[in-house]
Each structure stands twice: as C-alpha cells, then as structure tokens.
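Hi,

Here is the structure I promised to pass on.

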Amino acid sequence: MRPSILIIDDEQNICQSLLGILEPEGYETLAVSSGEDGLEALARRRFDLALLDIMLPGIDGLETLSRVKAIRPNCQVIIISGHGTIETAVRATKLGAFDFMEKPLSMEKTLLVVKNALHRKKLEEENLQLREEMEKGCVMIGDSIPMQALRQQIDFAAPTDARILIFGENGTGKELVARLLHYRSQRRQNRFVAVNCAAIPEELIESELFGHVKGSFTGANEDKDGKFVLADGGTLFLDEVGDMSLRTQSKILRVLEELQIEAVGGKASQKVDVRVISATNKNLDDEIEKGNFREDLLYRLEVIPFLVPPLRERTEDIETLAGFFAREFCEKYGKPHIRFTPQAMEALQQYSWPGNVRELRNLIERVVIMVPRTTIDLSDLPPYTLQSATAPSAAEAEGEESLKTAREGFEREFILRRIRECGGNISGAARSLGIERSYLYEKMRRLDIPIPKKES
Ligand SMILES: Nc1ncnc2c1ncn2[C@@H]1O[C@H](COP(=O)(O)OP(=O)(O)OP(=O)(O)O)[C@@H](O)[C@H]1O
Ligand SMILES: [Mg+2]
C-alpha cells in the first residue's frame, strides 16, 4: 500500500508545491485548506501522515493537531511553521507532532522529514504488533529457510480474506500460524475462534457451530450463539478438518458456500462475516480417495494451501527454539537461566522429533523443572532423545557415528511406516511427511529402502 499524506494549509501555493514534491515520489496525497476540512477527511479515511500548517483560518493548527491525535492517534503529524511561529511549532511537538518544517520549504528537507516520519510510524506499528503477539503467545521462532518462506507466505496472505488450509504434522505450529494470520489481518480487533472439529460429538456439532434456541432439544436451556456467530467479523479456525464425519462435512460445506447460518430450532437465517482458516494433519487427497473426505469441501477450504514443515526438516531452528522455551519456562518457574552443552544441543538437533515443536517445548519444560543445574548435558536428556541403545559413555566414545546410525535407523522405520500407511504410494507418503517427492526418493536411496516397482 502506498503511504498516504494529507496536507492541511490555506496557502494555495504551499499546497501546490508540496503536491509537486510528494506525488512524483509515489505518495498518495490530498490537500485541504482548513483544519475543519482536514478533520473531515481524516474521519472519512486513514492517512499515514498529515502536514499541518500552524496558522489556519477557523480552528488553528494546534487545535487541529490535538483533534487529529484524538481521532487518529496513529497518524503522524508534521507541523509547517511560518516565520515567527517556530515557538508554537515546538509546542506542537510536545502535543504529539513528530517534527516541524519552516517555510519556505525546501524539497530535500521536506522529503527527508516525511521519510523519517513514515519510517517512525512503521517502526511503531511493528513494535505494537510484536507486543500484541507476545502478549497473545503468538511468537513464531525460526529463521531456517522453510520458516522464512512460511513467514513470507503469512505476510502475503494475512491481510486478505482468502481461505487457508494449513497442513502439517502434529505439533508443528499450525494453530500458531492460524493465529498469526488473524492478528496480522484487518480482523484482529475481532475474535479468533478455534473449533476442534474432531472433538465435538456429532450430535452437538450443529449447535456448536450454528448455535441453538432455548428448548430446541433436551438440554438446550437457553439460547446459545454458535462459533460462526462468535467469530463474526473475525476468524474461525476449523482445526482437524480431516477428522470430521461426512455428515458434518456436508453441513459445513453448505454454510461455507453462503456464509448464512441458521441456529438449531431457529426460524431465521443470519449472514455472518467470517474468514475461515482450517488445519489438518491428514493427507486429504488420500482421505478423498478413501471416501472419507468430500472433494468439494476441500476446494471450499483450500484457496491457499500452507505447509508447516516438521521440525526434523529445519534442524537449524532447534537451538533458537530450545533457547526461547528455556527462557520462557525459567521465567515461569522462577529458575536461573540454563544453557546446553554443545553435546546436548547436538543430540537435540539429531533427534527426529516425531511430536515436533510441541515435543521440544514439553521436553524443555521438563528439563527446567527437573534438572537442578544450569548447564544441561547429554545425561540430563531423556534416553530416547539420544536414539541410541548404547549407554551414554559408549555413545560418547563412538561419538557422532552411533547417533547417526541410530538416527538413520529411526528415519528408515519412520519412512517405511508412512509408505506402508499410504499403501506404497510414494507421492502420498512424501505429502504426509511434508517433504518433496524427489527428496523422499533421495532419502530412500540413502537409507537403502527399496523403491516399489510401479513407482520406479
Ligand atoms: N515456530 C514456533 N515458535 C515458537 N513456538 C512454537 C513454534 N511452533 C510451534 N510452537 C509452539 O508449539 C506448540 C504447538 O504448536 P501448535 O499448537 O500451533 O501446533 P499444531 O500444529 O496445531 O499441533 P496439533 O496438530 O497437535 O494440533 C504451541 O505451544 C506453540 O506455541
Ligand atoms: Mg493444533
């Protein structure tokens, strides 16, 4: 979006020269000649920045400034002062103006002050967003290439209303991604409502999603809003969509088509404005093939597919994640901060994390609580994370080699199991593992896993 600038000055030639300076730079501009007109423009729409003359007919610059700050606190203001009004301009900066410029205006100075003000606004917004996300527990850690790509996808998709279906194994951070999409959208002032589709008993699903009217069934003792209504204006997160019964799927499908809901026992239908984000750890193509999932529903849910990669495919992130969780839990439990020996960190990086980030987080919590030292070594980690049948001393002696063998053994088993689950279909297995098919082939060759005949 182009930054937008409002110019408030009663001198025609000043407005003209500011427009002449700013428009060629790609700023969106509007010039008005009084404080009243400026406030009216600001009430109608958002501006990033206002250039405000101090001497105005009608309400003066200072008064305009305080009203601007009251209706649009995020709009930056730069004061334009004439000869002899510098003191007032200085006062204005105390009232919240970012800076002031003195007439006659020079092109360089104007562009510089404008650029600084817009930059500062951007920083303030980013800070605010980060703070909000921190408060809501929505911090996404990880700078590996797949996470950078995911972050960029989130930035692109968040401000739109497009439906997003998030794929990923258990504990990879699907819900976190859904929350980030919400908090970075225009809907963030409204609610993020999560529904675990797998956990609601089939007979209650309609009432949960669409609400019910008092007396419509036994136990309906009062009117109740459904999740679609609670999420009105906000985001509805349908979690575990791959586990919905076919009956529920057809109900959801109908609602998604029209965004029109009818409470159980109610007479009128109601239009709702919700953005739907959904998630699954299943391979929905396979579920469609098996007749467990409706293909038309997939198209309704998945305008943009997101994939949250498993932790073992972004081992670079493990150290930062472990550090982040360690700080979180040390603070929570009032413990001194801990650190990991290089050997312990290496073991964490080598382990395959079938439970992904959630498993890592739980492990760090356990270590913080149970280990009475501030330096965490190999022997403080649960044996299964070492993935080696040998005792730590032997593992130490054999060093990386034994860890590597253990890891390969595990990976081999894991991949074989997935291929079996997918009925020998390699593309399916790759999808369910969340990796590229070519990468799976390469892994299979490396791990001596025979490639099924029909695939090779
Ligand atoms: N990149 C990350 N940075 C920080 N915390 C993370 C990250 N990814 C996941 N987490 C944390 O790990 C836990 C699991 O994440 P989340 O619930 O989003 O996963 P999920 O994919 O929805 O899991 P499931 O499939 O089991 O529902 C949460 O506590 C979440 O905050
Ligand atoms: Mg989840």
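Setting aside neighbours within four places in sequence, glutamate 411 is in contact with Lys443 and Leu447. Do keep in mind that this is a predicted model. Glutamate 411 itself sits in helix 18, which covers residues 400-421. Is this glutamate 411 buried or exposed? Its relative accessibility is 11%, and because buried means under 20%, glutamate 411 counts as buried.

On to the nonpolar cores. The largest one has 30 residues, and Phe228, Leu238, Leu297 and Leu301 have the most contacts inside it. Several elements each supply at least two residues of this core, among them strand 6 (164-167), strand 7 (192-196), helix 9 (227-230) and helix 12 (295-301). Helix 10 gives the largest share of the core, with four residues.

Phenylalanine 228 deserves a look of its own. Again leaving out neighbours within four places in sequence, phenylalanine 228 is in contact with Leu209, Phe210, Leu236, Val255, Leu256, Leu259, Ile261, Val272 and Val274.

There is also a second, separate core of 28 residues, and Phe340, Leu363, Ile376 and Leu386 are included in it.

Cheers

Definitions and conventions: Residues are numbered from 1 along each chain as its sequence is written. Chains are lettered from A and ligands numbered from 1 in the order in which they are written. This is a predicted model: local features need pLDDT of at least 70, side-chain atom pairs count only at pLDDT 80 or more; totals for chains, interfaces and linings use all residues. Side-chain values use heavy atoms; hydrogens and water are left out. Buried means under 20% relative accessible area, exposed over 50%, partly exposed in between (1.4 Å probe, protein chains only). Contact means heavy atoms within 4.5 Å. A nonpolar core is a set of buried Ala, Val, Leu, Ile, Met, Phe, Trp, Tyr and Cys residues joined through side-chain atoms within 4.5 Å.
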